[in-house]
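Please open the model in your viewer and keep the selection panel at hand. The tour below moves from one selection to the next and says what is to be found at each stop.

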Amino acid sequence: GEHFDAEGWFCSGDALKFIDPAQPQLGLQFDGRIAEDFKLATGTWVAVGPLRAAFIDHCAPLVQDVVIAGIDRDEVAALVVLEANACRAVAARAQADLADLARDPAVRAALRERVGSFAAKATGSSNRIARAILLEEAPSIDRGELTDKGSINQRALLANRSDLVERLYASGDALVLRSG
């Protein structure tokens with residue numbers, strides 16, 4: 001039923017893009033899940049897959065993954081999963097856990113710089129991450145935040161951590177990095 005449209009086309013829920021727009025014969029590649037995309041309060045669509053990939057790439061090697069928030073909000077925000085080993089090197093603390101790293105001044109300064117420089121490259125509200133919070137607790141398989149393949153279930157993590165999303169949009173929280 002719902003896997004096919006009225007004309008019989010298969011609806012995978014995947015977003016695709018040309019490998020090279022100048023050479024469409026090279027085919028298509030995966031570009032995120034349409035179901036993860038959302039609208040800001042302004043009605044602007046946020047394409048989550050490409051934004052996640054660009055943010056992770058920009059913040060390498062300090063960020064392992066990111067969950068994008070902002071449905072019905074004025075601006076995009078991010079819940080950041082730190083790459084522990086890279087952040088331990090920045091913090092010069094070999095045994096630090098994620099909670100320690102998320103609060104470490106050197107890690108926070110490095111991420112604040114990257115969040116700011118990423119925001120500075122944005123072309124509009126749909127690809128500007130205005131604020132970010134560093135997760136003190138890794139995504140959990142038991143809570144459905146990770147799939148069995150190890151990728152983040154955005155919807156589950158946002159639902160399970162709605163308190164953090166509220167903190168992201170509340171003013172003046174010390175754990176939130178702002179990009180401007």
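Select Ile56, which counts as partly exposed because its relative accessibility is 22%, where buried means under 20% relative accessible area, exposed over 50% and partly exposed in between, with a 1.4 Å probe and protein chains only. The model is a predicted one, in which local features need pLDDT of at least 70 and side-chain atom pairs count only at pLDDT 80 or more, whereas totals for chains, interfaces and linings use all residues. Residues are numbered from 1 along each chain as its sequence is written, and side-chain values use heavy atoms, with hydrogens and water left out.

Ile56 sits in helix α1, residues 48-59; helices (H or I, at least four residues) and strands (E, at least two) are DSSP runs numbered from the N terminus. Not counting residues up to four places away in sequence, Ile56 touches Val63, Gln64, Asp65 and Val66, a contact being heavy atoms within 4.5 Å.

Next, select Phe55, Ile68, Val80, Leu82 and Leu111, the residues with the most contacts inside the largest nonpolar core, which has 32 residues. Such a core is a set of buried Ala, Val, Leu, Ile, Met, Phe, Trp, Tyr and Cys residues joined through side-chain atoms within 4.5 Å. At least two residues of this core are supplied by each of α1, β5 (63-69), β6 (76-82), α2 (84-91), α3 (98-103), α4 and β7 (129-134), and the largest share, five residues, comes from α4. Apart from this core lies another, of 14 residues, among them Leu79, Ile152, Leu157 and Leu168. In soluble globular proteins, nonpolar side chains tend to be buried together. Centre the view on Val80: leaving aside neighbours within four places in sequence, its contacts include Phe55, Val63, Ala132 and Leu134.

Which residues of α4 are buried? Val107, Arg108, Ala110, Leu111, Val115, Phe118 and Ala119 are, and they lie on the same side of α4 because they cover an arc of only 165 degrees around the axis, taken from the directions from the helix axis to the C-beta atoms. On the other side of α4, Pro105 and Ala120 are exposed. At the N-terminal end, Asp104 caps α4, with a side-chain oxygen 2.9 Å from the backbone nitrogen of Ala106.

Now select Cys59 and Cys87. Each counts as buried, Cys59 at 0% relative accessibility and Cys87 at 0% as well. The sulfur of Cys59 has its closest cysteine sulfur in Cys87, 9.9 Å away, which is too far for a bond; the structure holds zero disulfides, a disulfide being a pair of cysteine sulfur atoms within 2.5 Å.

For the last stop, select Arg161, in the loop between α5 (154-160) and α6 (162-169), together with Glu145, in the loop between β7 and α5. Arg161 counts as buried because its relative accessibility is 5%, and Glu145 is buried with a relative accessible area of 0%. A polar contact of 2.8 Å joins their side chains; the term denotes a pair of N or O atoms within 3.5 Å, where within protein one must be able to donate a hydrogen and the other to accept it, and residues adjacent in sequence count only if both atoms are side-chain atoms. The side chain of Arg161 also reaches the backbone oxygen of Ala138, at 3.0 Å.
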